[in-house]
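These are my notebook entries on a structure that I had not examined before. I set down what I looked up, topic by topic.

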Amino acid sequence: MKKILVAEDSSVIQNLTKKILTLQNFQITSVKNGEQVLQKLNEESFDLILMDINMPVMDGIECTKKVRNLNDEAKKNIPIVAITGNARNYTMEEFLANGINDFIPKPLNFDQLVEKVRKYTS
Amino acid sequence: MYFLESEKTFQSLADNAPVLLRMTNSNNFFYYFSKQWLKFTGKEVEEEQNNGWIANIHEEDLNDVLVTMDLAFKRRKKYEVTYRLRRYDKKYRWVLDTGIPRVSSLGKFSGYISATIDITERKLAEEAESREKALLESEKKLQKSLNQSKILSLTTNSEGIITFCNEAFLKATRKPAGDLMGKSLFEVFQPYGGDNVTKKSFRTLVEREDYTEALTGVITLDGDEILIIRFSSIILKNAKGQVIGITIVGENITERRKVRQELEKTNAQLKELFDNSSDLIQIFTSEGEFRFVNEAWKTKLGYNDEEISQLKLTDLIPKDYQSSTVENLNQIGRGERIEKFETVFISKFGKNIYVSGRVNCTIQDGSPTEFRGIFYDITERIRAEKAQSLYYKIANLTTTSSNLDALYRNVFEELNKILKIQNFAISLKDEKTGKIQFPYLITELEEPSEVKQLKSITKLLAEFTFERSKPLIIYEDGIRRIADNKKLPLHAKLPLIWLGVQVNVEGKPAGVISFHSYKDRTAYNHKDLELLDFISSQVSLALERKSNEAKIISQSARRKAIFESTTHQIWSIDRSYCFTSFNQNYADALQRYYGITPSLGGQSGFDFLVPSLSEFWKTKYDRAFSGEIVNFQSQVTDLKGNKIWRDVFLNPIFLPDGSIEEISVIANDITEKKLSEVALQESEEKFRNIFESFQDIYFRCDAKGKITMISPSVIELLGYTSKEVIGKNIDELFSSSDSIHSVFSKLRKNRRLRNFEATLYTKDGKDLQCLCNIRLVYRRNYPLEIEGVARDITTLIRTNEELRKAKELAERSLKIKERFLANMSHEIRTPMNGIIGMLDLIGSTHLDQEQSEYLRTIKKSSETLLTILNDILDLSKIEAGKMEIRKRPVNLRGTLDKLYNLFSQQASINETSLQYTVAKSLPDYFLLDETRVLQVLSNLTSNAIKFSKGRGKIYISLNEHKRKGDILILKVKIKDSGIGISKEDLKKLFDSFSQVDNSMTKKFGGTGLGLAISKELTKSMGGEIGVYSTPGLGSTFWFTFEAEIIEQPEERNLPLTDEAIQKVFSKKIPYILLVDDNDVNRKVAGHILIKAGCRVDFAENGDDAIQMIQQHQYNVVFMDIQMPKKDGVQVTREIKLLNLDHQPPIIAMTAYSMEEDRKKFLDSGLDDYISKPIQAKTIIQKVVDWIENNKPSEIVVQKMAEVPDDLKIVNTLVLDELSKYGGAEMVESVLNDFLKEAQESLANCREALRVSNYEVLRSELHTLKGNSGTLGIERFAWYVTQLEQELKRSIYEEVEKKLAQIDASFDEFKENYKLFVGASSTSS
């Protein structure tokens, strides 16, 4: 079973993604901010990280940068997909430059969510 | 004088002495008290004299003091006493008072001198001392008590040194205490016998720390006398539990020894005198201790000297004789004479010795000291007497005893009475085997091995007796010799004497009766043998008689048994067909069949038969008389009409000469057998029929599953014939979700299985769904079986499946219907409002009467339609449980005002008067849902008006019904004088869609839902609804509801809803041009403006507008932007180009709501902007602004307040999408998540706004936007997005107001979302 780490400040989106993806046979771990992402990665590895950009403590961009700078070869290359309302109007080029592989816009389209997650975990 | 002198000197000395002194005179009265004494007691001499001093003594001690002194005074001895003496300060002090008698030089007693000292300190110190002292105290007490007793006792320390001897001990040893105290116990006592007091035994005592068993010690007294003491010891311990000594309590047993010695001495002296006498001579004390017995006595009774010394007379006398013997002795003791003293002694061997003789006694000081008795043995005489009675008794027993066992027992008991036998045997030879058996055996032996030997010896001796054929007495040595001869090994003790006599039956030796003794060789003699011989003859007689009886009984019994015990009927007849014999069964049968009792001789065997039967039987009998054995079954009908079947055998009885005089008949009642045969046939047939016509499959199989029986229906269901199936294993035909194995194990556990589903295989390989009931069959003598019935439920399952589908479809349809209803009513309401609004407008134009009539009809219909729609909407909400009660502060009087305003006109049209009262006691303000209360009120009121057209009054009252603290239950009554309602109708009045009379609906209009809705509404407001009515006279509807009393609320600007347009412009009438290609828009906006007091011209397109604006001086122009030929921007541009003198401001009307557009319009020359749909307030405000202020205002607000029409509160498409992934539960849970988080988030927004942290606010809004957008909460999302975007562009205008809109929108969501939760659950 593929393991996905969901980093999302809002418990609504967090629970939603967790429920949808669990039903699609993914194993979901959720955290609330970037720092917790790094802590989790310290303990175990994942097949994909779904990352909210706008998070307290450590936002998604910063977090992604840190993940990409990890020493562990496997962990540093975990695909990261941003889930974002894109409040800061990042372009796709900017996301890629920061190490984010792809993004799913908010409001979430559930089909798109499942499709993207499948794409990055297969 | 000298004495006085000296006394005075003494007194002066005494007064100064440190002790308290007193003196008595020769009469022992204290007359002198020293100064110290008086100082101590604080009293005067006079007070103390004449025994006054005694008052100072503590009352508890008083007695002690007086007794001590009195005792001393009498003897003129020294005294010493301790007591509490009261001091001057009233405190008692312990004092030691010692008094010594004064004796003058002349030896004359002159009184006591007493010295008293205060020993309180010492006493207290004593009391404070440890338990050690207390123990010593208790030891002292023990010694004291021992001292007072006669028991010898002494105490030693743990080393065995004597520390105390009591008086009794000293007296017994005749030694002064000094001789013993301090000496070792082992010096004082010399060893004696086995239980010596040795250092070793003493140490053991100490170690055991226990009360011990007796020890014995001897003390040699002066003059070679010895004192023998048997003693027990008590260990003394100190506080630490260590052994500090032993107290020994002894008993002087020297006396007993002395007696023995005396006895021995006397014995020697008297021996010669009496030894030659065969009489039993004894001398005994009044206590019964023997002083002397002669040799004959010893021989007779078997005791030796040692034993005699321990004996008392009473020990020798059997209980039965004790009281009489003692009484006789007492008589003699009193000096009376008894000529013939008779008693019984028990010998050492337990033999009773009857004695008779004389007893006299020595009397000293009036009491007997020594008895002398001379007895002679009268046992033989007594025995003879008893034997006499025994002979008689046994002879009697022989004739009366019902069985031999009782005889044997009685014989033994009688014999025992006179001979004291403990070992008795009756040995009988078995007639056939010749083996000896013991029908009766009594022995004192207990060991099985001994008993076994006894039996073999008894057999041996019985054989020996047979050989000798005479009564025998055999002694131990004889027995041993006989045993040796017969090579019988002996291992246990042998009888010392054995007596045996042969028992003869019919002149042949049949057995031996014997008894023997293990104790006394002389126990029995030849007289006893005679007795036994006699008994034997009696037993022989008895045995003979019993044997004869038995023979007789067995023969006749055997015959009778055969004859009677059989269940067969047996009889015999002679040549004249008369009964010669019959058994009871036959007699009973005849009684039963014909009600007659047969009798022997003379009665014919068919007297009682009907002629046909007589003939039948006669034929049979005759055949038998001809020598034939006849067998047949006969059937008779008994008195009760029951058919009786008999199987009959006729046997000719051949006499020795071959002739036949009699026939014996044996008949057997076989009716039951016959009947059960028939019943069995019937039931088998019945079962077979059921079995054959069974539609389900009945099967039976053994415990391994092998089918043993199956109903023929198997061919119809499975295509197999029964034959094909029988013998197969059941799992070849059957499978279920459980394995066969588990089915069987469940069966074993529960004994039966009900309704379990299984699949059977048909012959052509199809599956057949079956429902099975199986049980275990237990039948006696049959192996375990399983039987069951399988029913084809294929069709049932299919039907169920179809039913389920149909039900689901129906449910789904119902849900869809509900949603459809809810949505449709909502959707239809909007155009209906448009229609009604327009109708109103048409009404305000000039119409002829006909047109007005039509219009009124249309309007009425429309309104009815709207009511219906509203009702349906309400009801569907209520039924879905989605009706919420929203309580707000309400002035109830105002509510009733509103009601009145609403209905007064309608009432007056209906020629009905409407009145209402509110109880004066009610407060003004309540917390309640006014809309709902009003709804119920309206429903009831409009009904009342409808149904009482032209019939007087409608009277509405509002009163308090109940009160629970601040919560009031209010009751409203609406009384009409209408047509009333019948009883039957009352019942269904409040049900959905049930108006009392359908014709009424037609006549009076309405959906019939009003009351049902009202009922639900009142229920949801904590109230009830009801009606009482008299048909023809009117009805009173009432309802109750809960309302909380509150203070008058602050005036709040509640949002205006559908407020009537007020006439704003009255002084100066604005002249307005309205340009719009859409007719409806034109009319709506125009209507609003006209109502507000404006004058309005309309233009349908830009060109008309350009023309008109040149012709008229308009104050304001409202310009639609999207128009087909020229759009509003273009038209405006052209108008502006005209450069009119009276150029009016041109205000754009558009559905475009984007900020950018606004800018574009303004840039294009438009003066202002309002968004569509047009709201009355907004458009009027615009006119006011431009006419009065000549400037635009709050454009942004107006714009922001508008939400695009097509946005939904919750877009169900999104929810459906979501439920596709996780079903209805997920939708609900996610919405709940959102509700919770959004609430927090909004609170955060408020806080952020308060501290003007726009970044936080924006961030919160961003999250809210994402979340609400994701969940399709569109209207809310729209508001949130608007504000977020502005903040992003750093526009901070009226943020608070916008946030309030967001809140309102959130409230809107909260109120509605549950509707959608239920609604989105259909997709899977």
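Before turning to bridge partners, I noted the rule for strands: two of them pair if DSSP finds at least two bridges between them. I also noted that this is a predicted model.

Entry 1: I looked up the bridge partner of K429(B) and found I436(B), in β17(B). Strand β16, residues 423-429 of chain B, runs antiparallel to β17(B), and five bridges join the two. I then followed the whole sheet, which is open, has five strands in the order β17-β16-β20-β19-β18 (chain B) and pairs in antiparallel fashion. Its edge strands are β17 (436-442) and β18 (472-475) of chain B, each of which pairs on one side only. On average, neighbouring strands of this sheet are turned by 20° against each other, direction ignored.

I next searched for helices on these strands. Helix α18 (residues 448-468) of chain B lies across β16, β17, β18, β19 and β20 of chain B, at about 60° to β19(B). Helix α19 (residues 476-485) of chain B lies across β18 and β19 of chain B, and runs at about 90° to β18(B).

**Entry 2: a second sheet in chain B.** I found another open sheet of five strands, ordered β22-β21-β25-β24-β23 (chain B), with antiparallel pairing. Strands β22 (579-582) and β23 (630-637) of chain B have a single partner strand each, so one side of each is left without a neighbour in the sheet. V630(B) has L650(B), in β24(B), as its bridge partner. Helix α21 (residues 584-594) of chain B packs on the sheet and touches β21, β22, β23 and β24 of chain B, with its direction at about 95° to that of β21(B). Helix α22 (residues 611-625) of chain B also packs on the sheet; this helix touches β21, β23, β24 and β25 of chain B and makes about 25° with the direction of β24(B).

Entry 3: I then asked how many residues of chain A are in contact with chain B. I found 17, which meet 17 residues of chain B. Helix α1 (residues 11-23) of chain A gives the most to this side of chain A, with eight residues. By class, that side has nine nonpolar, five polar and three charged residues.

**Entry 4: nonpolar cores.** The largest nonpolar core has 61 residues, and A7(A) is one of those with the most contacts inside it. Helix α40 (residues 1212-1250) of chain B gives the most to this core, with ten residues. A second, separate core has 42 residues, including L428(B) and V505(B).

**Entry 5: confidence.** I noted an ipTM of 0.76 and a pTM of 0.28 for the complex. Chain B averages a pLDDT of 78, and 81% of the residues score at least 70. Within chain B, confidence is lowest in helix α39 (residues 1195-1201), at a mean of 38, and highest in strand β39 (residues 1071-1075), at 91. Over residues 1051-1060 of chain B the pLDDT is below 50, and beyond near neighbours in sequence this stretch has zero contacts in the model.

Methods:
Residues numbered from 1 in each chain as written. Chains lettered and ligands numbered in written order. Predicted model: local features only at pLDDT ≥ 70, side-chain atom pairs only at ≥ 80, totals over all residues. Helix = DSSP H or I, 4+ residues; strand = E, 2+ residues; numbered from the N terminus. Axes fitted to C-alpha atoms, helices over the stretch in contact; angles between N-to-C directions. Contact = placed C-beta atoms within 7 Å. Nonpolar A, V, L, I, M, F, W, Y, C, P; charged D, E, K, R; others polar. pLDDT = per-residue confidence, 0-100. Core = buried A, V, L, I, M, F, W, Y, C linked by C-beta atoms within 7 Å. Buried ≥ 20, exposed ≤ 12 C-beta atoms within 10 Å, placed from the backbone.
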